[in-house]
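User: I would like to go through the terms used for this model and see what each one rests on.

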Amino acid sequence: MSDLRRPRPGLGRRVRGLFTRLQALRAPSAPDAPALSLRDPWPGDPARGARLVKLELDYGGATLTLTPESFTTQGATPLLRAHLHGFTWLRDLRALGTDAARSRARALVLAFIDTPKPDPIAQAPDIIGARLTAWLGHYDFFAASADDEFRQSLMARLVLDSRHLSADLPPETIDGRALTALKGLLAASIAMPGHVPYQPRALKFLTPELARQFGPDGLHAERGPGAHLAALQDLTEIRALLQAASTPPPSDLLTTIERAAAALRALRHGDGGLALFNGTKEENPHLIDLVLAQAGRAKGPLAALGPGGIHRLAAGKSLLFVDAGSPPAPGLDRFAHAGTLSFEFSFGKERIITNCGAAPALSSAWSSALRGTAAHSTLNLGDLSSAEILQTGLGRRPQHVQAHREDSHGVHWLEANHDGWKATFGAIHHRRLGLSASGDELQGEDLIEAPTGQSFAIRFHLHPGITASLAQDESSVLLRSGGGVGLRLRAEGAPIRLEDSVYFGQNQPRRAEQIVLPGLTDGPQHIKWTITRI
């Protein structure tokens with residue numbers, strides 16, 4: 001994931017863009033229909049489709065009531081607006097499959113086409129790419145049987161969007177959105193006669209983008225399992241598009257898909273969902289299975305995570321995930337959380353210790369709160385997050401994050417530290433986690449190096465399926481899962497409290513609890529704790 005920063009567009013790029021647009025004026029007129037039928041490979045949700053028929057767009061736990069002004073308004077969150085203008089929700093209407101769903105799809109597509117000045121987000125390269133792919137991938141569902149006037153309007157807009165997208169490459173975004181833009185241009189080049197020249201243009205930028213976005217362990221550079229899943233979906237679609245065009249996929253694409261699939265398998269808890277780091281929800285296990293099947297790596301060895309900053313330790317039926325890497329670089333951090341050295345712990349198919357999840361489609365207040373350090377199972381110092389949360393990414397952040405793994409006396413150890421509070425408090429947080437060979441015990445040690453007294457709280461957010469009861473002497477907490485798994489948490493060096501928490505691992509928030517070890521530093525502070533199966 002080296003060379004993450006793409007040079008800012010200068011005069012040369014602007015001249016090339018103007019030249020491309022002048023060429024576009026001489027490009028072929030809109031065809032009557034796509035030359036090749038494409039098929040969106042991902043399942044939709046008929047329940048969301050039914051809500052769309054009623055003009056309610058549901059995404060990421062947020063709902064947008066659609067009106068004639070929806071394609072011009074900027075009142076919703078950026079992620080919800082991007083989802084609206086990307087039209088990937090057509091798969092929900094297709095999943096519903098009724099005449100009303102087909103009619104609603106046509107009406108909404110036509111409303112967008114007839115909007116003279118849509119929301120500027122509609123012209124972002126990744127949004128155009130998503131829209132091109134969605135319209136072409138669902139053409140047979142909503143457009144093939146429509147009247148000539150509708151199809152002519154649709155094809156004319158497809159041609160126009162393709163020209164704009166080609167002129168805007170390479171996209172300025174360096175995160176996963178660049179892959180979506182390239183995918184859209186490939187779809188247009190393959191499905192529409194006269195647009196074949198777009199294919200080499202898209203492929204020109206694909207290989208360097210793969211090197212920029214994926215590391216040696218296959219992990220995506222945004223360091224969020226959810227972003228990783230979305231990027232792998234785009235890669236499998238790109239490969240399928242090239243195969244449909246009888247174009248051999250680049251070898252780098254095939255290698256990246258293989259590594260990314262192995263990494264995706266390694267990012268799953270025992271319940272099949274994803275670990276909740278950096279803007280991630282659990283996601284639907286059936287969708288993850290389908291993505292892996294499309295990638296061709298539904299089975300096989302797991303990736304040895306670590307170089308990308310997320311570590312996975314497994315023993316017996318226990319899984320431990322730890323975010324022990326530097327936050328994503330600027331330009332890759334729009335979903336980044338201040339969760340350095342946070343961990344998640346599961347036993348079998350049951351999550352025990354989690355992070356709170358994410359809600360980027362909801363209000364900025366909710367999203368910012370869930371991105372803060374206090375919403376993660378780690379140490380929070382001075383009631384200040386270890387990184388500064390900004391709407392567009394992170395400001396202040398840890399500059400040095402170190403991690404080391406070793407096996408000693410039958411225990412899998414991970415030792416890590418970060419300096420996220422060095423600039424504000426002069427403090428360093430050290431964390432040592434050890435998972436026994438049987439998986440029945442997790443040992444933890446937190447050391448705070450702080451020159452001045454600061455309040456701290458070590459948090460263990462519990463999954464909503466876990467009930468917790470504090471011992472009468474407040475020396476331990478008994479944890480019980482819905483499946484009957486029992487564990488006990490004990491601590492040395494800090495008292496134990498139970499407090500309320502919230503879980504956003506799925507679309508709707510759920511009440512939960514958290515264990516808190518509070519205190520005040522007085523020189524180096526050392527807290528030990530264990531979670532033991534009983």
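**Terms and their grounds**

Analyst: The model is predicted. Eight strands make up an open sheet, in the order 10-11-12-13-20-17-16-15, with antiparallel pairing. From one strand to the next, the twist averages 15°.

User: What makes strand 10 and strand 15 the edge strands?

Analyst: Strand 10 (401-408) and strand 15 (466-470) each pair on one side only.

User: How do you know that strand 12 and strand 13 pair?

Analyst: Two strands pair if DSSP finds at least two bridges between them. Strand 12 (residues 428-436) and strand 13 (residues 441-449) are joined over eight bridges in the antiparallel sense, so they count as paired. His429 stands opposite Ile448 in strand 13.

User: On what grounds do strand 15 and strand 16 count as paired?

Analyst: The pairing of strand 15 with strand 16 (residues 476-481) is antiparallel and runs over five bridges, where at least two are needed. Ala468 has Leu479 of strand 16 as its bridge partner. Five residues lie between the strands of this hairpin, and Glu474 there takes a positive phi near 60°.

User: Why is Ala423 called exposed?

Analyst: The cut-off for exposed is over 50% relative accessible area. Ala423 has 73% relative accessibility and therefore counts as exposed. Ala423 belongs to helix 15 (residues 422-425). From Arg106 it is 317 residues away in sequence and 55 Å away in space, C-alpha to C-alpha.

User: What makes a group of residues a nonpolar core, and which residues have the most contacts inside the largest one?

Analyst: The members must be buried, of the listed residue types, and joined through side-chain atoms within 4.5 Å. The largest such core has 93 residues, and the most contacts inside it belong to Phe87, Trp89, Leu90, Trp135, Phe142 and Leu154. Helix 9 (residues 177-191) contributes the most to this core, with nine residues. Another core, of 42 residues, lies apart from it and includes Ala324, Phe345, Ile353 and Ala450.

User: Which residues does Trp89 touch?

Analyst: Leaving out residues up to four places away in sequence, Trp89 touches Leu52, Leu57, His83, Leu84 and Leu108.

User: How are helix 6 and helix 8 placed relative to each other?

Analyst: The axes of helix 6 (residues 125-137) and helix 8 (residues 148-167) come within 10 Å and cross at roughly 145°. The crossing is left-handed. Among the residues making the contact are Ile128, Leu132 and Trp135 of helix 6, and Leu154, Leu158 and Leu165 of helix 8. By class, the contact has eight nonpolar, three polar and three charged residues.

Key
Residues are numbered from 1 along each chain as its sequence is written. This is a predicted model: local features need pLDDT of at least 70, side-chain atom pairs count only at pLDDT 80 or more; totals for chains, interfaces and linings use all residues. Side-chain values use heavy atoms; hydrogens and water are left out. Buried means under 20% relative accessible area, exposed over 50%, partly exposed in between (1.4 Å probe, protein chains only). Helices (H or I, at least four residues) and strands (E, at least two) are DSSP runs, numbered from the N terminus. Contact means heavy atoms within 4.5 Å. Axes are lines fitted to C-alpha atoms, for helices over the stretch in contact, and angles run from 0 to 180 degrees between N-to-C directions. A crossing is left-handed if the near helix is turned anticlockwise from the far one by less than a right angle, and right-handed if clockwise. Ala, Val, Leu, Ile, Met, Phe, Trp, Tyr, Cys and Pro count as nonpolar, Asp, Glu, Lys and Arg as charged, and the others, Gly among them, as polar.
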